[in-house]
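Visitor: I have a structure to look through today. Could you walk me through it, one question at a time?

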Amino acid sequence: MTIQVFTFNPFQENTYVLYDDSREAAIVDAGCLFPHEQAALQRFITDHGLHVARVLNTHLHLDHQFGNRFVHDTWGIAPEAHRQDEFLIGTLPLQAQAFGLGGQAGEAQPLARYIDDGEAISFGHTTLTALHVPGHSPGGLAFYCAEEGVLLSGDTLFHESVGRTDLAGGDHPTLLRSIADRLLTLPDATTVLPGHGDRTTIGHERLHNPFLQPGMLP
């Protein structure tokens with residue numbers, strides 16, 4: 001599996017394109033907001049001869065769903081996410097207004113289907129496992145590829161940090177419980193690709209993340 005990362009929108013959100021030798025691709029957290037960002041994503045897909053098969057969301061805060069309408073209009077594929085985050089689709093204009101973006105976010109794209117905890121998500125020759133990790137948002141998901149040793153953690157786990165919990169539906173104890181029960185149980189060598197910032201590993205976070213040290217976890 002090959003992974004390409006784009007950093008989009010004013011929130012510096014990481015959008016990932018995953019693909020393999022089948023040329024089928026999954027876009028994870030389409031955050032492209034501005035025309036030049038949309039063009040960069042489209043150019044990459046076209047130049048690499050990829051077929052967009054899935055559009056996956058780790059969660060539906062505004063910066064992670066900005067590009068869902070563009071992706072649907074361009075490739076005819078609607079996003080998939082956990083049902084407990086669906087309420088955030090209807091609030092996209094309010095989210096954008098709260099962060100000073102006015103009408104730039106445009107119209108939100110409805111979901112094509114829900115992703116359940118433990119579900120196998122396949123495209124091409126690749127399979128991801130969906131892990132429900134609420135806390136940053138009620139329907140937060142992480143996507144784990146055991147074969148490649150890669151975890152797309154969304155905004156649940158970052159390099160030496162964790163997701164904020166002061167937005168709608170956030171809860172800090174729930175977030176830490178999700179990380180402890182669902183993510184820290186993965187192998188230490190697992191590469192973590194977060195929704196913002198640099199990649200890390202489970203082992204590094206276990207040792208160096210100040211939020212995950214003894215006495216901090218539930």
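Predicted model: local features only at pLDDT ≥ 70, side-chain atom pairs only at ≥ 80, totals over all residues.

Visitor: How many salt bridges does the count come to?

Guide: The rule pairs a side-chain nitrogen of Lys or Arg with a carboxyl oxygen of Asp or Glu within 4 Å. Counted by this rule, the salt bridges come to eight.

Visitor: Glutamate 107 and arginine 69 meet in a salt bridge. How many residues apart are they?

Guide: Their side chains come to 3.3 Å, N to O. Glutamate 107 sits in the loop between helix 5 and strand 6, while arginine 69 belongs to helix 3. The pair therefore links distant parts of the chain, and the separation is 38 residues.

Visitor: Is glutamate 107 buried or exposed?

Guide: Exposed means a relative accessible area over 50%, and buried means under 20%. Arginine 69, at 23%, falls in between and counts as partly exposed. Glutamate 107 has a relative accessible area of 59%, so the class of glutamate 107 is exposed.

Visitor: Which parts does the salt bridge between aspartate 117 and arginine 182 tie together?

Guide: The closest N and O atoms of aspartate 117 and arginine 182 are 3.1 Å apart. Because the two residues are 65 residues apart in sequence, their pairing ties together two separate parts. These are the loop between strand 6 and strand 7, with aspartate 117, and, with arginine 182, helix 6.

Visitor: Which residue forms a salt bridge with arginine 206?

Guide: Arginine 206 lies in helix 7 and is tied to a residue in the loop between helix 6 and strand 13, 18 residues apart in sequence. The closest N and O atoms are 2.7 Å apart, and the partner is aspartate 188.

Visitor: In strand 13, which residue is the bridge partner of valine 150?

Guide: Strand 10 (residues 150-154) and strand 13 (residues 191-194) run parallel and are joined by four bridges. Valine 150 has as its bridge partner threonine 191.

Visitor: Now for open space. Which elements give two or more residues to the lining of the largest pocket?

Guide: The largest pocket holds about 250 Å³ of space. Its lining has 17 residues, with His61, Leu62, Phe99, Arg164 and Leu167 nearest the centre. By class, the lining divides into eight nonpolar, six polar and three charged residues. The elements that give two or more are helix 2 (62-65) and helix 5 (92-98).

Visitor: And what is the volume of the largest cavity?

Guide: A search of the whole structure finds one cavity of 30 Å³ or more. Residues lining the largest cavity include Thr58, His59, Ser153 and Asp155. Its lining has two nonpolar, eight polar and one charged residues. The volume is about 50 Å³.

Key: Residues numbered from 1 in each chain as written. Heavy atoms only, no water. 1 Å grid on protein atoms, 1.4 Å probe; cavity = no way out; pocket = protein on both sides within 12 Å on 5 of 7 lines; lining within 4 Å. Points joined across faces, edges and corners; volume = space filled by probe spheres on them. Nonpolar A, V, L, I, M, F, W, Y, C, P; charged D, E, K, R; others polar. Pairing = 2+ DSSP bridges. Buried < 20%, exposed > 50% of the residue type's maximum accessible area, 1.4 Å probe, protein only.
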